[in-house]
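Hi there,

Here is the structure I promised to pass on. Have a look at it first, and my notes follow below.

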Amino acid sequence: MNKFDLFDDNGKNVGGQIHGQPILTMFNFPNEIKNQDIKKNEIESCLDSQEKVSVHDALYLDSLHGFSQGGFNKSVMVINTALESATTEYLFQRLIKKGQSKEESKK
């Protein structure tokens with residue numbers, strides 16, 4: 001059993017919840033790691049290759065963290081920014097694949 005206290009955006013305790021394992025939510029959040037060794041290897045590989053985390057991935061994680069801390073309004077704004085960033089990057093990459101220059105694609 002897991003007990004959670006819920007807080008509003010001002011830090012005021014507004015109640016709590018008790019959940020059994022696994023925690024099931026209506027949101028598609030990753031809340032259960034099947035094999036931590038695989039994730040550890042993936043993280044180490046990214047660190048070794050100095051792979052840069054995309055802006056939209058970092059914002060997505062920031063939004064999840066804010067949501068879990070009770071900052072719901074801010075989390076909505078951050079996830080919307082992440083969506084805009086991911087959409088922009090997707091469209092940029094599509095234009096590059098179609099043969100446009102980077103400068104033209106940025107416009």
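To read the notes on packing, take contact to mean heavy atoms within 4.5 Å. Helices (H or I, at least four residues) and strands (E, at least two) are DSSP runs, numbered from the N terminus. This is a predicted model, in which local features need pLDDT of at least 70 and side-chain atom pairs count only at pLDDT 80 or more, while totals for chains, interfaces and linings use all residues. Residues are numbered from 1 along each chain as its sequence is written, and side-chain values use heavy atoms, with hydrogens and water left out.

First, the overall picture. The protein has four helices and two strands, and along the sequence they follow the pattern β-β-α-α-α-α. Of its 107 residues, 10% are buried, where buried means under 20% relative accessible area, exposed means over 50%, and partly exposed lies in between (1.4 Å probe, protein chains only). The exposed surface comes to about 9300 Å², with carbon and sulfur atoms supplying 56% of it; accessible areas come from the Shrake-Rupley method with a 1.4 Å probe, and for residues only the protein chains shown count as cover. Among contacts between residues at least 6 apart in sequence, 25% join residues at least 24 apart.

Next, helix 3. Helix 3 has 26 residues and reaches 37 Å from its first C-alpha to its last, close to the 38 Å expected at 1.5 Å a residue (the expected span is 1.5 Å times one less than the number of residues). Which residues of helix 3 are buried? They are Ser 75, Val 78, Ala 82 and Phe 92, and their cover includes helix 2 (55–68) and helix 4 (102–106). Just after helix 3, Gly 99 takes a positive phi of about 100°.

Ser 75 counts as buried because its relative accessibility is 5%. Not counting residues up to four places away in sequence, Ser 75 touches Ser 63, Gly 66 and Phe 67. The side chain of Ser 75 also reaches the backbone nitrogen of Phe 67 at 2.7 Å.

Leaving aside neighbours within four places in sequence, Ser 105 is in contact with Phe 92, Leu 95, Ile 96 and Gln 100.

Now for charges. How many salt bridges does the structure hold? There is one, a salt bridge being a side-chain nitrogen of Lys or Arg within 4 Å of a carboxyl oxygen of Asp or Glu. The side chains of Glu 44 and Lys 40 form it, at 3.5 Å from N to O. These two are about one helical turn apart, because they lie four residues apart in helix 1 (residues 36–48). Glu 44 is partly exposed at 35%, and Lys 40 is partly exposed at 48%.

Last, the surface. Phe 4, Leu 6 and Val 14 make a nonpolar patch of about 230 Å². Patches are made of residues with over 30% relative accessible area and no salt bridge, with like charges joined within 9 Å and nonpolar side chains (Val, Leu, Ile, Met, Phe, Trp, Tyr) within 5 Å. Leu 6 sits in strand 1 (residues 2–7) and is partly exposed, at 32% relative accessibility.

Best wishes

How values were computed:
Polar contact = N/O pair within 3.5 Å; in protein donor to acceptor, adjacent residues only side chain to side chain.
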